Amino acid sequence: MPSPVTVVGGGIAGIACARALTAGGVAVRVLDRALRPGGRMASRSMRGGRVVDIGASYLTASAASEFAGVVEGWVDRGLARPWTDTFAVAGPGGIERTTTGPVRYAAPGGLRSLVADLAAEVDVRHEHTVEQVRSGPTVDGEPVRSAVLAMPDPQARRLLDPSTADRLLGDRPWEPALAVVLAFDRRSWPADLHGVFVHDDAAVAWVADDGDRRGDGAPVLVAHTTPELARRHLDDPEAAAPAVTAAVSRVLGLDAVPAWTTVHRWTFARPADARPEPYGLLDGIGACGDGWAAPSRVEAAWTSGTALGRALAGSA
Ligand SMILES: Cc1cc2nc3c(=O)[nH]c(=O)nc-3n(C[C@H](O)[C@H](O)[C@H](O)COP(=O)(O)OP(=O)(O)OC[C@H]3O[C@@H](n4cnc5c(N)ncnc54)[C@H](O)[C@@H]3O)c2cc1C
């Protein structure tokens, strides 16, 4: 008797997939190498115990989509909050204008808390690194009913034999990013800044006001680097902090220097080009996440995982 459907990856895609399988009456377990669920919806406790979002900055939900219902449920329970629909746009000379788009949602407890909420009823085993997924399917040699790879393509490829990886995933490039936390003694930027899209800068692509999005007004910014800067610092991410601090100060016109900074490396932050298909499935091995259901973002990962879970439940 094979083991239950095994989802490798406890980010929002893997957890959504497991929930869809459970809803379809299929036994499932999730294995994740990290200590907690969340994946790239990462919130880390920093100095003083305050949580900072160091992965995804916010989430959006397409109008009238199923995911919009999920987000509404979080908002009703106080887990998520509408943050803003307006950000600043900066060029080489600093902030130039604002731009308005969809409502961006943030989470007072950090975005990871939303994945933890979805995972509450799911059998998730943490600190469990999977080494090998093979046709059969097997997970580290153990026969399973189906295996799901809910993670960036390059991480999934490492688990598969090259032929299965080519047929299931192809070979698509993913881009790195560094998330640099800049904590100040006090706030010295405009209260209505929210976040800044930075154009034409070699170091920084985006800056979020973490105190504003989390709702506690803490004097903390989180900058995301360009892929080019990240690529040059993958071996020593902390070494990127001075260049990022200088770029953020220039863009925001700040005189104050941060009291401390810390850098998190995302080797596979986002796909250069996500697929329109909702998921991949080959010989009992499924693939889901934000490399599917383009455009790549949190909503895509949830949509992809949910669709794959339903497909597997229908065929189980
Ligand atoms: C810097 C950055 C900024 C972003 N900003 C935004 C944003 O503002 N808005 C937005 O919508 N999206 C944003 N995103 C994208 C968003 O975070 C992702 O789309 C989403 O979180 C992907 O979820 P996932 O479940 O597909 O993958 P992940 O969250 O990456 O989950 C994969 C999981 O697999 C686990 N894993 C990997 N290998 C193994 C293994 N061998 N064994 C066991 N477990 C394994 C990992 O620990 C991880 O938990 C951003 C991402 C980054 C990195």
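**The ligand, the domains and the sheet**

Tutor: Let us begin with the ligand. The shell around the ligand, sorted by class, holds 20 nonpolar, 12 polar and six charged residues. Please keep in mind that this is a predicted model.

Student: How many residues surround the ligand, and which are the closest?
Tutor: The ligand is surrounded by 38 residues. The closest are Gly9, Gly11, Gly39, Gly289 and Arg297.

Student: Which helices and strands supply at least two residues of that shell?
Tutor: Helices α1 and α9 (298–315) do, and so do strands β12 (174–183) and β16 (260–271).

Student: How many residues are in contact between them?
Tutor: In domain 1, 18 residues are in contact with 17 residues of domain 2. On the side of domain 1 that touches domain 2, α3 (112–118), α4 (153–157) and α9 each supply at least two residues.

Student: Which one gives the largest share?
Tutor: Helix α9 does, with four residues. By class, that side of domain 1 has six nonpolar, five polar and seven charged residues.

Student: Changing topic: what is the strand order in the open sheet?
Tutor: The open sheet has six strands in the order β7-β2-β1-β11-β18-β17, and the pairing is mixed. Its edge strands are β7 (124–125) and β17 (280–282), each of which pairs on one side only.

Student: Do β2 and β7 run parallel or antiparallel?
Tutor: They run parallel, and two bridges join β7 to strand β2 (residues 28–31). Leu31 stands opposite Arg125 in β7.

Student: Which strands does helix α1 lie across?
Tutor: Helix α1 (residues 12–23) lies across β1 (5–8), β2, β11 (147–150) and β18 (285–288). Its direction is at about 170° to β2.

Student: And what about helix α5, which strands does that one lie across?
Tutor: Helix α5 (residues 162–169) lies across β17 and β18, and runs at about 135° to β17.

Definitions and conventions: Residues numbered from 1 in each chain as written. Predicted model: local features only at pLDDT ≥ 70, side-chain atom pairs only at ≥ 80, totals over all residues. Pairing = 2+ DSSP bridges. Contact = placed C-beta atoms within 7 Å. Axes fitted to C-alpha atoms, helices over the stretch in contact; angles between N-to-C directions. Near = placed C-beta within 6 Å. Nonpolar A, V, L, I, M, F, W, Y, C, P; charged D, E, K, R; others polar.
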